[in-house]
Structure formats: structure tokens, C-alpha cells
Amino acid sequence: MSELVRFSVAMPEGLLMLFDKYVAKRGLAKNRSEVIRDLVREALVEDQWYDPDAIIVGTLTLVFDHHTSDLQNKLDQIQHSAHERIISAMHIHLDAHNCLEIIAMRGRTSEINEIADSLLGIKGVKHGNLTATTTGDL
């Protein structure tokens, strides 16, 4: 870990009181500095998603009715064509009709968004969400 640099932050008292409540909810092991570091990292990770060439990691969750005609085949075709970007996938049977698929991906932002959009756009996908995280370099 690099050397810590101290700096001060000025904010209205009411905002600081709300922030301290937020810090308290994060757990006993967290203090103001740690929560501020977490929030800065979160903002930087989010900012990477605006750079189409940034290398990012994301998870795509899909809920779909596996009885939809040819749906699983279409999902598989897209995932196989993106095998260099898809790290792992997990398929979960939710009930007699619905499945949850969790797909972990790594690559350029533009590539990950394109894969996610193509999977989310398949007829029969009921819901989906792409979530970003860091590659660990922040």
C-alpha cells in the first residue's frame, strides 16, 4: 500500500452529522477516512465505465423463462462468441420456469457493454442488470 497523505475537508455541520451516521452503519471497523477512501474508489470505478477503452470487470445477472423458444440456445451462442471476455457463468434454477444466470466478464468497457446489451435484448429475458467493479488497480 502506498503512503497515506493527510488532507482536511470542510463541510457543513449537518452534512457531517449525516455522514457520521452513514459511517456508523458501515460497521465498527470503518472510520471516516476509510469510508471516504471507499467512496472515492467507488466514484473512480464508476468513472471508468465512461471510458470505452478502460479495462473493467462486471457481472451481468439475467432472469429468464427457460421455456421461451430457443432462448437458451441464443444465450449460449452469444456467450460462446464472447468466450475471451466471459470469465465464468453460473446457471441457477429458480423454479419450474425461471432461471437466474450470473455472468462474470472482464474487458474493455465498450466490449462488456456490447455483450451485456446483446444478452439483455434477447426475447424471453425478463430482467437483467450489469454491475461494475474494479479490477483491483485502484
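Leaving aside neighbours within four places in sequence, which residues is Leu119 in contact with? They are Leu60, Leu62, Leu75, Ile78, Gln79, Ile103 and Val125, where contact means heavy atoms within 4.5 Å. Before we go on, a word about what you are looking at. This is a predicted model, in which local features need pLDDT of at least 70 and side-chain atom pairs count only at pLDDT 80 or more, while totals for chains, interfaces and linings use all residues. Residues are numbered from 1 along each chain as its sequence is written, and side-chain values use heavy atoms, with hydrogens and water left out.

Together with Leu62, Leu119 has the most contacts inside the largest nonpolar core, which has 21 residues. A nonpolar core here is a set of buried Ala, Val, Leu, Ile, Met, Phe, Trp, Tyr and Cys residues joined through side-chain atoms within 4.5 Å. Buried means under 20% relative accessible area, exposed means over 50%, and partly exposed is in between (1.4 Å probe, protein chains only). Two or more residues of this core come from each of β1 (55–65), α3 (71–81), β3 (98–108) and α4 (109–120). These names follow DSSP runs numbered from the N terminus: helices are H or I with at least four residues, and strands are E with at least two. In soluble globular proteins, nonpolar side chains tend to be buried together.

Let us now follow two of these elements to individual residues. Asn98 lies in strand β3 and counts as buried because its relative accessibility is 15%. Its side chain is joined to that of Lys126 by a polar contact of 2.7 Å. A polar contact is a pair of N or O atoms within 3.5 Å; within protein, one must be able to donate a hydrogen and the other to accept it, and residues adjacent in sequence count only if both atoms are side-chain atoms. Not counting residues up to four places away in sequence, Asn98 touches Phe64, Asp65, His66, Ile92, His93 and Lys126.

Thr109 is in helix α4, and with a relative accessibility of 1% it counts as buried. A polar atom of the Thr109 side chain lies 3.0 Å from the backbone oxygen of Asp51. Apart from neighbours within four places in sequence, the residues in contact with Thr109 are Gln48, Trp49, Asp51, Pro52, Ala54 and Ile56.

Next, look at the loop between β1 and α3, where you will find Asp70. Asp70 is not a glycine, yet it has a positive phi of about 65°. Its relative accessibility is 41%, so Asp70 counts as partly exposed.

Moving to other helices, Lys25 is found in α1 and counts as exposed, at 71% relative accessibility. Ala29 sits in the loop between α1 (13–25) and α2 (32–48), and at 67% relative accessibility Ala29 is exposed.
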